Amino acid sequence: MLRTEATNRTAFAGGWTNSIGSKPLPGPHRRFVPERFPSRREAFGAVSAAAADVAIPTTSDRWPSLTGGVADLLQERLGARETKRRLLHATPGLLPFFLWTIPHDPPSSVRFLCVISGLIVVLAAIAYYQFGRVQRAAEGNRDIRGAVFGYATVVLVTMLLCPQHVEIAFAALAVLAFGDGSATLGGMLMRGRRLPWNSKKTIVGTICFVLVATPMAALIYWGQAHDAYETANVPHVDFRMALLGALAATVAGALVESLPMRTNDNLRVGTTAALVIVLFQWLAVGWV
């Protein structure tokens, strides 16, 4: 038996053994057992060093990835043109919130009605001439006129016919801006099953119409009625009543929007919402 210093192995006549004395198989099946396994401390240190090389995303890194994912989804299912169209559709609904932040005449005054009417006409004219940027391929000039002036006509006519209750016109505006716009947005983004009576509309889109438009219309109906109550002494509407009236108008508008008609739905949705709120005001709240 001979021991070599370089390998710390013992030689027998039939082959080599390692330091713990186990004799391997002779010939080509010969194998060697490692001399020493790493200790727990060394193994833990190696794992820690490997983990340190892995980059853990911080909170600031997650937000760009999240916004990038939303942008990719909008680009994939809507496209830049349709996204701009949805924003353009919802922007007029912000008008009542803007009026609450600046001093103005009483809502029932002639000056207030003239200023708001002129502003709506100017915005409609700008939207008409800029509509080509968001126009769909299948739309013609008739469709553009129906989309833009149907939108503005509902608000103008309702406001001029009910000058003591401008909140009715603004609530119908909210149903148009946030309900009709969110129905198209939700349907195109989330898709899902189609309506039984209209294969071009989705159930998700109709649900989005109601869920988004109801609180926005209720807030505008209640806030504008409160403004009119303070200045013109008209019947006050509490928020629960405003929420009930907005829900009725939104559900009716969503059902009309889902009908299989080829013409633009702005006029019929806005007219339906305005009529329901007028009826609600007359039966449940009171009329001046």
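Colleague: Why is Cys208 called buried?
Modeller: Cys208 has a relative accessible area of 14%. Buried means under 20%, so Cys208 counts as buried. Keep in mind that this is a predicted model.

Colleague: Where does Cys208 sit, and what does it touch?
Modeller: Cys208 is part of helix α8. Leaving out residues up to four places away in sequence, Cys208 touches Ser182, Gly186, Met190 and Ala213. Take Ser182: it is 26 residues from Cys208 along the chain, with 6.0 Å between their C-alpha atoms.

Colleague: What about Ser182, is it buried or exposed?
Modeller: Its relative accessible area is 11%. The limit for buried is under 20%, so Ser182 is buried. Ser182 belongs to helix α7, and besides Cys208 it touches Phe209 and Val212, again not counting residues up to four places away in sequence.

Colleague: What makes the pair of Ser182 and Gly179 a polar contact?
Modeller: A polar atom of the Ser182 side chain lies 3.0 Å from the backbone oxygen of Gly179.

Colleague: Next, the salt bridges. How many are there?
Modeller: The count comes to 2 salt bridges. Side chains of opposite charge can pair when their charged atoms come close.

Colleague: How do you know that Lys201 and Glu257 form one?
Modeller: Their closest N and O atoms are 2.9 Å apart. The cut-off is within 4 Å, so Lys201 and Glu257 form a salt bridge. The pair links distant parts of the chain, as Lys201 is in strand β5 (residues 198–202) and Glu257 is in helix α9, 56 residues apart.

Colleague: Why do Lys201 and Glu257 get their accessibility labels?
Modeller: Glu257 has 4% relative accessibility, and with buried meaning under 20%, Glu257 is buried. Lys201 has 22%. Partly exposed runs between the 20% limit for buried and the 50% limit for exposed, so Lys201 is partly exposed.

Colleague: What makes Arg111 and Asp105 a salt bridge?
Modeller: Their side chains meet at 3.3 Å, N to O, and the rule asks for within 4 Å. Arg111 has 62% relative accessibility; exposed means over 50%, so Arg111 counts as exposed. Asp105, with a relative accessible area of 27%, is partly exposed.

Colleague: What about Glu167: which side chain of opposite charge is nearest?
Modeller: That is Arg240, 17 Å away. A salt bridge needs a nitrogen and an oxygen within 4 Å, so Glu167, though buried, has no salt bridge. Glu167 lies in helix α7, and its side chain makes a polar contact of 2.9 Å with that of His165.

Colleague: Back to buried residues, why is Leu173 called one?
Modeller: Its relative accessible area is 4%, and the cut-off is under 20%, so Leu173 is buried. Leu173 is in helix α7. Leaving out residues up to four places away in sequence, its contacts include Pro92, Pro96, Tyr151 and Val155.

Colleague: What makes Ser117 buried?
Modeller: Ser117 has a relative accessible area of 14%. With the limit at under 20%, Ser117 is buried. Ser117 sits in helix α5 and touches Leu156, Met159 and Leu160, leaving aside neighbours within four places in sequence. For Leu156, 39 residues away along the chain, the C-alpha atoms are 6.4 Å apart.

Colleague: How much of the chain is buried?
Modeller: Buried residues make up 36% of the 288 residues. The largest nonpolar core has 47 residues, and those with the most contacts inside it are Ile116, Ile120, Met159, Phe170 and Tyr221. Helix α7 gives the most to this core, with 13 residues.

Colleague: Which residues does Ile116 contact?
Modeller: Ile116 is in contact with Leu99, Met159 and Phe170, leaving aside its neighbours within four places in sequence.

Colleague: And how many helices and strands does the chain have?
Modeller: The chain has 10 helices and 5 strands.

Terms used
Residues numbered from 1 in each chain as written. Predicted model: local features only at pLDDT ≥ 70, side-chain atom pairs only at ≥ 80, totals over all residues. Heavy atoms only, no water. Helix = DSSP H or I, 4+ residues; strand = E, 2+ residues; numbered from the N terminus. Buried < 20%, exposed > 50% of the residue type's maximum accessible area, 1.4 Å probe, protein only. Core = buried A, V, L, I, M, F, W, Y, C linked by side-chain atoms within 4.5 Å. Contact = heavy atoms within 4.5 Å. Lys, Arg positive; Asp, Glu negative; His and termini not counted. Polar contact = N/O pair within 3.5 Å; in protein donor to acceptor, adjacent residues only side chain to side chain.
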